[in-house]
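The entries follow in the order I made them.

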Amino acid sequence: METTSMNTAVKLVECPRDAMQGMKEFVPTAEKIAYINSILKCNFNTVDFGSFVSPKAIPQMADTAEVLAGLDLSGPSKLLAIIANVRGAEDACRFNEIKYLGFPFSISETFQQRNTNSSIAESLDRVKEIQNLCLKTNKELVVYISMAFGNPYGDTWNAEIAMEWCEKLYRELGVKILALSDTIGVSDPQNIDYLFRSLIPALPEVEFGAHLHTTPDTWEEKVAAAYQAGCRRFDGAIKGFGGCPMAKDDLTGNMPTEKMIGYFNVHHISTGINNDHFNQTLIDSSRIFH
């Protein structure tokens, strides 16, 4: 396989919001700003920097607007903020600096209730309203297909259900970025390969991403499976910190960004990352995550 041509370049999305949101001790706003500014120097395609959700649900993200005010956006990275309802989307849309809104759309009825306090049907209505808001305010909606790779709650799950929802979100609502999300660490090379190889040719207008969770010894096989199946958008968090605070407690960690960068560098796949700045950010991360 030729790995140096431009069509094999990947988009990397760094997720400090995902890494920090479950931390019990509040990270001071100034420290968040310094850390995210360090990340912004690395030239990630996108930085998932904060969320506009209820401070009661995610207290760590209560200062997202203040953090945004302190960011240096002179580099190429675009900002993504997570929202869980229309009100959060309206808040996020007030900021021109934010390019993407991310909405967690679970195909598990149980988890959707737990994560966004709504049914799947209600969430579909929310996505429709949020998509309309995005179109009016020049934003792009990224829908995370949560529980794409499996379901621990006993709800019916199979790959075809995941594919049906992706098709519905694109064809009925015009959502053009869909990130298949592991949420609980049950993805494996087989279901990763099957989903991406099925979806990417079926919906060529959609940009598919991989938001994978992993154990320390399975990260490489997951990245390789997604890349080889045609995925070119990957979410990660430095050192694998974080995860979903609404999921079960024995959650595996986020995909470690430094491992992904290493994999892509070894295989001569372009990431656009400034490696010198990234090495400094790895050091800076130890101030946040001890």
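For the charge entry I counted Lys and Arg as positive and Asp and Glu as negative, leaving out His and the chain ends. The model is a predicted one.

Charges. I found 26 positive and 36 negative charges in the protein, and their mean positions lie 4 Å apart.

Build. I listed 11 helices and 10 strands. The C-alpha trace spans about 45 × 45 × 40 Å along the principal axes. I then checked the radius of gyration: a compact globule of 290 residues would have a value near 19 Å, so the 17 Å of the protein agrees with that build.

Contacts and surface. I took contacts with a separation of 6 or more, and 75% of them join residues 24 or more positions apart. Of the 290 residues, 56% count as buried. The accessible surface comes to about 12400 Å², and carbon and sulfur atoms hold 50% of that area.

Core. Which residues touch the most other members of the largest nonpolar core? I noted Phe105 and Phe234, in a core of 87 residues. Helix H7 (residues 159–173) gives this core its largest share, 9 residues.

As background, nonpolar side chains tend to be buried together in soluble globular proteins.

Conventions
Residues are numbered from 1 along each chain as its sequence is written. This is a predicted model: local features need pLDDT of at least 70, side-chain atom pairs count only at pLDDT 80 or more; totals for chains, interfaces and linings use all residues. Side-chain values use heavy atoms; hydrogens and water are left out. Helices (H or I, at least four residues) and strands (E, at least two) are DSSP runs, numbered from the N terminus. The radius of gyration is taken over C-alpha atoms; the globule rule is 2.2 Å times the number of residues to the power 0.38. Buried means under 20% relative accessible area, exposed over 50%, partly exposed in between (1.4 Å probe, protein chains only). Contact means heavy atoms within 4.5 Å. Accessible areas come from the Shrake-Rupley method with a 1.4 Å probe; for residues, only the protein chains shown count as cover. The place of a charge is taken as NZ of Lys, CZ of Arg, CG of Asp or CD of Glu. A nonpolar core is a set of buried Ala, Val, Leu, Ile, Met, Phe, Trp, Tyr and Cys residues joined through side-chain atoms within 4.5 Å.
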